[in-house]
Amino acid sequence: MTLNLNHPLYSFNGTEPFTLADACEGVQIFGGIGSGKTSGSGAELARAYLRAGFGGLVLCAKKDVLEEWETYAKQTGRDKQLLVFDSSGSFVFPFLQYEIERQGEGAGYTENLVRLFTTIYEAIDRSTATGGNDPYWTRAMQQLLRNCIDLCVISRGTVSIPQIREIILSAPKSLDEIDMEEWRGKSLCWKLLLEGHAKKHDAWTQGDFDNMASFWLEEFPTLSDKTRTSVISTLTTMLDMFLRRPFRQLFSETPSDPRMIAYPELTHRGVIIVLYLPVKEFAEAGRAVQVAYKYIWQQAAERRQVIPGQTTPIFLWADEAQNFITNYDMHFQATARSSMACTVYITQNLPNYYAELGGENEKHRVDSLVGNLQTKIFHANSDPFTNERASEIIGKSWQYRQSASRSAGREQFNLSQTMNQSFDYDVPPQLFTMLKKGGQANAGIVEAVVFQNGRIWNNQKSHLFTQFKQTLS
């Protein structure tokens with residue numbers, strides 16, 4: 001199916017079109033627990049994207065996400081294009097080797113891999129963004145990782161997390177150890193240095209090798225034991241989750257059959273990849289590997305060439321999105337339209353985002369991310385902060401309110417009416433607490449308020465009251 005940016009994907013209230021261009025500008029859905037955000041607006045947009053032939057990536061916080069998307073795919077005739085990436089090992093993604101071998105000028109660039117691990121580290125250890133940790137340790141971890149990757153790639157042309165771990169553990173802990181035959185006979189670090197030294201390199205690679213060899217043979221051994229131990233621990237504690245079942249098999253080992261590899265680029269051909277490693281089941285490890293895959297998927301989306309009317313739109317879908325957001329999201333969303341990538345993030349309230357991104361600048365990070373998601377759908381909510389922000393986003397105008405007063409005496413009765421004008425919210429915060437939440441009590445009707453930056457709806461307002469119909473069992 002060929003689509004242009006003006007192609008309508010869905011109609012709010014049956015009359016207000018939501019186009020591909022709108023989808024490319026991103027959607028943020030807010031709603032309290034049980035508000036109908038997933039089964040209302042979420043379900044309608046999911047089916048709309050599938051009907052239009054989108055490929056996409058679905059992140060999983062809860063275990064019921066897979067069942068939801070299997071239902072959506074069956075309802076839209078897309079079930080044969082659903083790829084379930086789960087712990088069974090039917091599909092794998094050795095992401096470090098992928099970064100070396102993929103197409104594009106940045107393939108094999110060490111700094112891309114370092115940035116990937118930094119993103120994972122920030123996602124699983126939010127304290128790095130709180131100002132509670134000295135940034136030296138993050139930079140030192142990056143330096144250690146950078147030299148591990150260069151050693152693997154220059155010497156053997158491959159890299160994996162087990163390799164990185166073994167290099168670190170076998171690296172010299174003192175200058176004296178470098179001259180010991182026993183250490184040389186056992187150390188993978190030394191063996192790879194010899195293999196790299198024996199190869200012929202171009203001038204650029206030779207420069208990288210010399211800098212890397214200097215790190216391992218001069219700088220690393222002379223670090224104080226306390227500093228070296230801290231840096232090693234910072235990195236290996238993050239790598240540890242990728243070394244255990246099932247994540248080692250899923251993300252570190254290259255399969256014999258390349259058809260088992262779940263490349264992010266499959267979504268560019270209409271495949272819907274469901275990362276069924278739910279956070280509720282696999283905890284921090286499940287979140288970390290999904291964040292890693294999401295980051296690589298976002299970069300693949302940004303690299304692709306978009307031809308209007310020919311390129312397949314793709315979507316990034318995250319319910320309970322607070323589990324998966326990173327600082328990179330705001331950068332990705334700023335240019336997502338040019339990649340024809342459509343983000344849909346669903347969460348209960350803004351404090352969820354603040355709590356997860358953390359740090360002294362958390363407000364700016366969250367505001368940047370939410371501000372770059374141009375369509376906002378507000379469902380029933382009891383969080384006062386989110387409701388107040390929703391009212392502020394929708395805006396204020398002059399409101400006219402009529403009041404009446406009565407007075408009575410022995411011989412007369414007076415009734416007076418006055419009209420007062422005030423500059424107030426178009427949608428007051430308390431209104432969001434009264435929206436219908438669906439279910440049997442509301443005959444499956446879910447209410448919401450929709451806002452799109454720069455749009456005046458047919459009601460001549462900046463917001464639209466709309467309804468969605470749940471499928472009741």
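## The largest pocket

The largest pocket holds about 390 Å³ of space. Among its 21 lining residues, Thr38, Ser39, Ala43, Glu68 and Tyr72 are the closest to its centre. A pocket here is an open set of points on a 1 Å grid over the protein atoms alone, where a 1.4 Å probe fits, with protein on both sides within 12 Å along at least five of seven lines; lining residues have an atom within 4 Å of a point. Grid points are joined across faces, edges and corners, and the volume is the space filled by probe spheres set on the points.

Two helices, α2 (38–51) and α3 (65–75), each supply at least two lining residues. Helix α3 gives the most, with five. By type, the lining has two nonpolar, 11 polar and eight charged residues. Asp, Glu, Lys and Arg count as charged; Ala, Val, Leu, Ile, Met, Phe, Trp, Tyr, Cys and Pro as nonpolar; the others, Gly among them, as polar.

## How to read the model

This is a predicted model: local features need pLDDT of at least 70, side-chain atom pairs count only at pLDDT 80 or more, and totals for chains, interfaces and linings use all residues. Residues are numbered from 1 along each chain as its sequence is written, and side-chain values use heavy atoms, with hydrogens and water left out.

Strands β1 (residues 8–12) and β2 (residues 16–19) pair in the antiparallel sense over four bridges. Strands pair if DSSP finds at least two bridges between them. Helices (H or I, at least four residues) and strands (E, at least two) are DSSP runs, numbered from the N terminus.

Ser11 stands opposite Pro17 in β2. Three residues lie between the strands of this hairpin, and Asn13 takes a positive phi near 60 degrees.

Most residues other than glycine have a negative phi, and most peptide bonds are trans. The bond from Arg245 to Pro246 is cis, with omega near 0 degrees. Pro246 sits in the loop between α12 (225–239) and α13 (247–251).

Met340 has a positive phi, near 50 degrees. Its loop runs between α15 (328–334) and β8 (341–347). Met340 counts as buried, because its relative accessibility is 4%. Buried means under 20% relative accessible area, exposed over 50%, and partly exposed in between (1.4 Å probe, protein chains only).

Gln460 also has a positive phi, near 65 degrees. Gln460 lies in the loop between β12 (445–452) and β13 (463–469). With a relative accessible area of 64%, Gln460 is exposed.
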